[in-house]
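Here is a quick walk through a fold, from confidence values to sheets and charged pairs. Have a look at the model first, then read on.

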Amino acid sequence: MAKKFYVVWAGRKTGVFTDWPTTHGYVDKFPGAKFKSFNSHAEADAAFRAGKPAFVRPRPKAADSSTASRSRVHTATTGLQIYCDGACEPNPGNAGSGIAVYREGKLEQLWYGLYNPNGTNNTAELNALHHALLIAQDAVGSGETAQILCDSTYSINCVSKWAAGWEKKGWRKADGEIKNLEIIQEAYALYLHLDSRVQLTHVSAHVGTEGNELADRMAMFAVQSGCEELRLYGEELDVAAILRMRAG
């Protein structure tokens, strides 16, 4: 796995760090901890100097309400709903992640990126969940409620069930190595930090749920574009047109 660099904007110690155990010690159970991983020291250093990035930005023009009849939308309508998904083609191979953000049931943002030419479907799903947790962290820090909706049972179980046991055993398991350990550790730390302020929910894939379908299209767009950073989708939020994009 490529080396990562960690920025801590708020923690017991702030700065740019080169390993996760050290970083985790500075942010674990620290109230209001703010941290993120980067793929290069230069990128991490620039991010630290710039300050904590705001993942939740001002609302762009909402999609036309007539699109609601074209696909099912999750019934949750309070606070922030964050759908996340990953794609990989082939598997293993070119991987990318996508996120769809709703506020009060209305589509507000789409995100795509985290491209990895040597990824897997699981790494793509975990990366999507990790960044959904980062968005949720900003939301709850502003007093909002947040729900993350993920179609990967594996990713949900890694973060909400299995990680606690793995941590107690020194991040080991009896039948071999823990795959995708670094991503799991980062996502788990965020999950613990957010505690009960974020609801993590499984949603079925490809059954017509609008948010899940849009996150899927963004994941495939990330694969096709080769975008390594998580970027805000800059085009008009035309739900019908986006749903016609290639599915994962």
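## A predicted fold, piece by piece

This is a predicted model, and its chain averages a pLDDT of 86, with 88% of the residues scoring at least 70; pLDDT is the predictor's confidence in each residue, on a scale from 0 to 100. Where pLDDT is low, the predicted coordinates should not be read in detail.

Some bookkeeping: residues are numbered from 1 along each chain as its sequence is written, and side-chain values use heavy atoms, leaving out hydrogens and water. Local features need pLDDT of at least 70, side-chain atom pairs count only at pLDDT 80 or more, and totals for chains, interfaces and linings use all residues.

On to the overall picture. The chain has 7 helices and 9 strands, taken as DSSP runs numbered from the N terminus (helices are H or I with at least four residues, strands are E with at least two). Of its 248 residues, 50% are buried; buried means under 20% relative accessible area, exposed over 50%, and partly exposed in between, using a 1.4 Å probe and protein chains only. The accessible surface is about 11500 Å², and carbon and sulfur atoms hold 50% of that; areas come from the Shrake-Rupley method with a 1.4 Å probe, and for residues only the protein chains shown count as cover. Among contacts with a separation of 6 or more, 71% join residues 24 or more positions apart, a contact being heavy atoms within 4.5 Å.

Now the sheets. Six strands make an open sheet in the order S8-S7-S4-S5-S6-S9, with mixed pairing. Strands S8 (198–202) and S9 (231–232) stand at the edges with a single partner strand each, so one side of each has no neighbour in the sheet. Further in, S4 (residues 80–89) pairs antiparallel with S5 (residues 93–103) over 10 bridges; two strands pair if DSSP finds at least two bridges between them. Leu 80 has Arg 103 in S5 as its bridge partner. Helix H4 (residues 153–168) lies across S7 (146–150) and S8, running at about 145° to S8. That angle is between N-to-C directions on a scale from 0 to 180 degrees, with axes fitted to C-alpha atoms, for helices over the stretch in contact.

What about strand S1 (residues 5–10)? It is largely enclosed by the rest of the structure, because 5 of its 6 residues are buried. S1 runs antiparallel to S3, joined by 5 bridges, and Tyr 6 has Ser 37 in S3 as its bridge partner. S1 also pairs antiparallel with S2 (residues 15–17) over 3 bridges, a hairpin of 4 residues joining the two.

Finally, the charges. The whole structure has 8 salt bridges, each a side-chain nitrogen of Lys or Arg within 4 Å of a carboxyl oxygen of Asp or Glu.

| Pair | N to O distance |
|---|---|
| Lys 34 and Asp 138 | 3.4 Å |
| Arg 49 and Asp 45 | 2.2 Å |
| Asp 216 and Arg 217 | 3.0 Å |

Lys 34 in strand S3 (residues 34–38) and Asp 138 in helix H3 (residues 121–141) are 104 residues apart, so that pair links distant parts of the chain. Asp 138 is buried at 13% relative accessible area. Arg 49 is exposed at 61%, while Asp 45 is partly exposed at 28%. Both Asp 216 and Arg 217 are buried. Arg 103 turns up again in a salt-bridge network with Glu 108 and Glu 144.
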